[in-house]
Each structure stands twice: as structure tokens, then as C-alpha cells.
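Open the model in your viewer and get your selection tool ready. We will go from one stop to the next, and at each one I will say what to select.

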Amino acid sequence: MRSAMCCLLVCVSLLAAVSVETAQDPPLPDQQQFMAQARKRLQPDEMRQSGYVYLETRRELKLDATGKTTREEVSVFESYPALPNERRWLRLIRKNGAPVPESELAKQDRERQNKVMAYVRERERNPAKAASADAKKAEAERRELEQSIDEALRVYDFKMLGRERIGGHDTIVLGFTPKPVSRPQTRDGRIMRHFAGKAWVSESEYELVRLEAEALDTVNFGLGLFARVHKGSKASFERRKVNGEEWLPASVSYQGSARVALFKVLRVGGTSEYSDYRKFGVATETTVKPPK
């Protein structure tokens, strides 16, 4: 009887082990193939957002030595697609909780309208030249993107760490650290090697969903020592899928310290949150519902 009970317990244990094994997640995908697919989806956010108008809520923080906030400024912008060779037009509508006066909104609108009309007149004078300039700009942006991707692959070691679910999407978590020896060929590449972090990539759509990075040591920006970002400074970035169509930025955050103009050390933090995405067209209204 005791022998039969022992056999039964062994059988139950084996069945339980098989059950646990089958309940585990499937193996991670082949890293090389997965990253090749993800590379095809890489695209600058400026390009992704070019067909949309949205709200940007920007919080800028000044911090003390312990990381406590000493001052906060909150600005809300309506963000509109840019004219060629310009950044997006940001229409300030709220500052620190107060709406921008109508007179100031009207001034912003007049300045923008004048700039747009000048651009339209220039294109009408020489449409062939404008089309050629647009094509050259698009090609330059394509080459720049390819160069940045090549630099990242040249600078970093990537390693699959597992799976994580974010916003209803299954993602593959990738860790990235600078290679002990690398030869970056661009300024961006030389900056990259001072950072490490993690990237979360949609397993089914190969889209970058989240990115977190931290400075491993002090990084010089600009000319010589005129701007330095210190070791431990952090930044994160997150996208979400909008209307089941496009993966667009949802938030950016940063926190750390920097030395500016040799002497002044700034401890700063902040976020930018993007919301109320709408397709942009000629008939798009010039107002977007502001956040409460």
C-alpha cells in the first residue's frame, strides 16, 4: 500500500512539473531576426507626427541637491506640423494653469499666418526648385537615420532580457550597454557610448514602445566644456498606438544635473506629455481641447 502511494505521489509530481513547463512563456525569438525586423520600423518621431496636430504638456522642474523640486513651470502647447526646414509650430495656450490672453493668441496666429503665406508665395514662384529641395531633404533624412542606426549597432551590445506587457501589448525587453571597444564615426555615436539602458519592443509589430537610458559618466555637449551632462542623469521615452493606426510619442521624461558655461550647475527634471492626436489637414480646426 505504501509502495502504491509513493508511486502515485511520484506520478502526480511529474504531471505537475509537466503542467508548469507547458504553462511557461514560449522561448524568446531569435535576437538577430527580431532586431532586423525592428530596424525596418525605426522612424524619427518628427516624421511619424508630421500628419498630426496634438497637445504637448511640458513640465520643467528645477531641483535642489537632494532631488526635491524647488520650482515648476507648466506650459501647454497646440503642436502643428512644421514647414520644411523648421521645427513644429508650438502655439502656447496655457502657462502655469492660466490661459494665454486672446490678444497673445491672435499675435501668435498672425505671425504664423505671415510665415505660411511667405512660404506659399516662394513655392509658387519656383515649384520645380521647391520639389527638388523637398526630395533632397527627404534623402538626407533617410541617410541620417540609417547612419544613426548603424552607429547604435556599432556602439552597443544588445541582449534580450525577457518579456513584459505594456499598455496591452506584449514586448521584448532588450538591454543595451556600450561595447568595451567601439569606433563610432559620428558625434551622435560618440555620445551614445556614454549611455546604457533598456528598450521595450512590441513582439508582434516590432515597434519601439519604451526606452530608458542613463549616463554612465559625464558627457560633453556643444563646444568643449560649455555643456556637460553628469553621470546618473536619466531619460525615458514611451510611445502608444493611436487609433489603432500609428505608434506615436506619449511621454518623455528626464532628470539629472548639467554644467553650463563652465561654472553653473543646473539640477533639472521634466516631462513632455503628448495627447489628443488628430489627423491634420486643411480643414483641421485651430484649437485642440486643452487638458483639465
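Angles under 35 degrees count as roughly parallel, over 145 as roughly antiparallel, 65 to 115 as roughly perpendicular and the rest as oblique. Before we start, note that this is a predicted model, where local features need pLDDT of at least 70 and side-chain atom pairs count only at pLDDT 80 or more, while totals for chains, interfaces and linings use all residues. Residues are numbered from 1 along each chain as its sequence is written, and side-chain values use heavy atoms, leaving out hydrogens and water.

**First stop: two helices.** Select helix α4 (residues 102-125) and helix α5 (residues 127-155), which pack at about 110 degrees with their axes 5 Å apart. The two are therefore roughly perpendicular to each other. Helices here are DSSP runs of H or I with at least four residues, strands are runs of E with at least two, and both are numbered from the N terminus. Axes are lines fitted to C-alpha atoms, for helices over the stretch in contact, and angles run from 0 to 180 degrees between N-to-C directions.

Now show side chains: Arg123, Glu124 and Arg125 of α4 meet Pro127, Ala130, Ala131 and Asp134 of α5 (contact means heavy atoms within 4.5 Å).

**Second stop: inside α4.** Pick Leu105, Gln108 and Arg112, the buried residues of α4 (buried means under 20% relative accessible area, with a 1.4 Å probe and protein chains only). They pack against β3 (89-95).

**Last stop: a hairpin.** Select β5 (residues 156-166) and β6 (residues 169-178), antiparallel strands joined by 10 bridges; strands pair if DSSP finds at least two bridges between them. Look for Met160, opposite Leu174 in β6. Then click Gly167 in the hairpin, where two residues lie between the strands: Gly167 has a positive phi near 55 degrees.

How values were computed. Buried means under 20% relative accessible area, exposed over 50%, partly exposed in between (1.4 Å probe, protein chains only).
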